[in-house]
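Work through these exercises with the sequence and the model side by side. Try each task before you read its solution.

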Amino acid sequence: MKKALVCGAGGFIGGHLVNRLKEEGYWVRGVDLKSNEYGNNNADEFVIGDLRDINIVSEVVSDDLDEVYQLAADMGGAGFVFTGHNDSDIMHNSALCNLNVLEEVKKKRIKKIFYSSSACMYPEYNQMDPNNPKCSEDSAYPAAPDSEYGWEKLFSERLYLTYNRNHGIDVKIARFHNIFGPMGTWDGGREKAPAALCRKVAEAPDGGAIEVWGDGKQTRSFLIVDECVEGVRRLMDSDFIGPVNIGSEEMISINDFAKMIVDISGKKLTIVNIEGPTGVAGRNSDNRLIREKLGWAPNMSLREGTEKTYKWILEQIENKQ
Ligand code: NAD
Ligand code: GDD
C-alpha cells in the first residue's frame with residue numbers, strides 16, 4: 001500500500017485529493033492548521049499542525065512516505081490576494097511551508113513531491129487584453145506577476161526545481177487555473193468568483209440585483225475540482241516534471257459567468273458592476289502542453305461544474321438558516 005502525505009489537507013483541493021488517494025487505495029496522512037470546515041476529512045491520520053514550524057514538518061514527513069503533495073498556502077480569491085493587505089502573510093507563510101517541507105523531504109529521502117503553483121505567476125503584460133490572454137507555460141519569463149501571491153509561487157516553483165537538480169528529488173509542478181466546486185470556500189472573504197457569485201445569486205430575492213466587481217468584461221476560465229485532482233494524479237504518475245497548466249480552456253467574461261449562474265438559479269436578477277479588486281484583465285488556460293505530455297486535458301463544461309457548485313452552495317445557505 002502506497003503512503004502519501006497531503007499538506008493543506010484541511011483545505012478545498014487538499015480535501016478532495018485525500019478522497020481521490022483513498023479511492024486509489026493509498027494510506028494518507030493529512031496535515032493542516034485546521035480540519036476541513038465542510039467535514040471533508042477522510043485522511044487515515046490527520047495532524048493539526050503549522051508547517052512553518054520545522055518540528056511539525058519533521059514529524060509529518062516520515063521516512064516511510066512514497067509521495068508528498070504540498071498544497072498548503074495562504075490562499076484566496078481576488079478579495080484576498082489582490083488588495084495588497086495580506087501580502088506579507090502570503091509571502092512569509094507560503095514560502096516557509098515550501099522551504100520546510102522540501103528540506104525535510106530531502107533529509108528523509110522521499111522520492112516524489114507535488115507542488116501546486118498558480119496561473120497567478122504569469123506576467124501581467126500578457127494578460128491585458130481580456131479576449132486574448134497568453135498563458136502558455138513558456139511565457140512565464142521575463143517574469144512580471146501582478147500580485148505578491150504570484151511572485152511567491154514563481155519563487156517556489158524555482159525552489160522545487162533546485163531540489164530536483166541538486167538532490168534528484170522527483171518534483172512535479174502544476175499551475176492551477178481558478179479551481180472551483182463543492183466544498184470550496186464560499187464566504188468569509190477568501191472565496192473566488194465562482195463561489196462568491198453563486199452565493200450572491202442564491203441569496204438574492206427574485207427580481208433583485210447582484211453586485212459584480214469590475215466592469216464584468218474581465219475574462220477567466222474555471223476548472224471543476226474533480227478534474228484538477230485527476231490532472232494532479234496523472235502528472236504525479238507521469239515522467240514529466242512540469243510546470244504544466246491544470247485548468248480549463250473555456251474562457252468566459254465575468255458578467256457572462258454571472259448571467260450563467262442567474263440562469264441556473266431560475267431567478268430574474270440584474271447585474272450591477274461595482275468597483276472591486278479585479279486582478280488581470282484576461283486569463284485562460286493553455287492546454288497544449290498537458291495534452292502533449294499527459295495525453296489528457298480536462299473537458300467538463302463550465303455549465304455542468306457550475307450547476308453542481310450552485311446546488312451545493314444553495315444547500316449551505318439553507319442549512320445555515
Ligand atoms: P485552501 O485555502 O482551501 O487550502 C490551503 C490550505 O493550506 C488551508 O486549509 C490552510 O489552512 C492550509 N495552510 C496554510 N498555511 C498553513 C500552514 N502554515 N501549515 C499548515 N497548513 C497551512 O486553498 P485551495 O484552493 O485548496 O488551494 C490549494 C493549493 O492550490 C494552494 O497552494 C493554492 O495556492 C493553490 N492554487 C489554488 C487555486 C484555486 O483556484 N483554488 C488556484 C491556483 C493555485
Ligand atoms: N472573488 C470574487 N468575488 N471575484 C469577483 C466578484 C466577487 O464577488 N465579482 C467579480 N469578481 C471578479 C474579480 O474581480 C476577478 O476579476 C474575477 O472575478 C476572478 O476573481 P477570483 O475568482 O476571486 O480570482 P482570480 O481568477 O483573479 O484569481 C484566482 O485564481 C488564481 C488561479 O487562476 C485566485 O484564487 C488566485 O489566488 C489563484 O491563484
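The exercises below cover helix packing, ligand surroundings and backbone geometry.

This is a predicted model, in which local features need pLDDT of at least 70 and side-chain atom pairs count only at pLDDT 80 or more, while totals for chains, interfaces and linings use all residues. Residues are numbered from 1 along each chain as its sequence is written, chains are lettered from A and ligands numbered from 1 in the order in which they are written, and side-chain values use heavy atoms, with hydrogens and water left out.

**Exercise 1.** Describe how helix 6 packs on helix 10.

Solution. Start with the residue ranges: helix 6 spans 193-203 and helix 10 spans 302-320. (Helices are DSSP runs of H or I with at least four residues, strands are runs of E with at least two, and both are numbered from the N terminus.)

Next, take the geometry. The two helices pack at an angle of about 55°, and their axes are 9 Å apart. (Axes are lines fitted to C-alpha atoms, for helices over the stretch in contact; angles run from 0 to 180 degrees between N-to-C directions.) Because of that angle, helix 6 is oblique to helix 10. (Under 35 degrees is roughly parallel, over 145 roughly antiparallel, 65 to 115 roughly perpendicular, and the rest oblique.)

Now find the hand. Helix 6 and helix 10 cross in a right-handed way. (Right-handed means that the near helix is turned clockwise from the far one by less than a right angle; anticlockwise is left-handed.)

Last, list the contact (heavy atoms within 4.5 Å). Helix 6 brings Ala195, Cys198, Arg199, Val201, Ala202 and Glu203; helix 10 brings Thr306, Thr309, Tyr310, Ile313, Leu314 and Ile317. By class, there are 8 nonpolar, 2 polar and 2 charged residues. (Ala, Val, Leu, Ile, Met, Phe, Trp, Tyr, Cys and Pro count as nonpolar, Asp, Glu, Lys and Arg as charged, and the others, Gly among them, as polar.)

**Exercise 2.** Which residues are closest to ligand 1?

Solution. Ligand 1 is surrounded by 26 residues, the closest being Phe12, Ile13, Asp32, Tyr149 and Ile179. For its nitrogen atoms, look at Leu51: a backbone N or O atom lies 2.9 Å from one. For its oxygen atoms, look at Lys34: a polar side-chain atom lies 3.3 Å from one.

**Exercise 3.** Locate the cis peptide bond between Tyr141 and Pro142.

Solution. Omega of this bond is about 0°. Pro142 sits in the loop between strand 5 (112-118) and helix 5 (148-167).

Definitions and conventions. Near = heavy atom within 4 Å. Polar contact = N/O pair within 3.5 Å; in protein donor to acceptor, adjacent residues only side chain to side chain.
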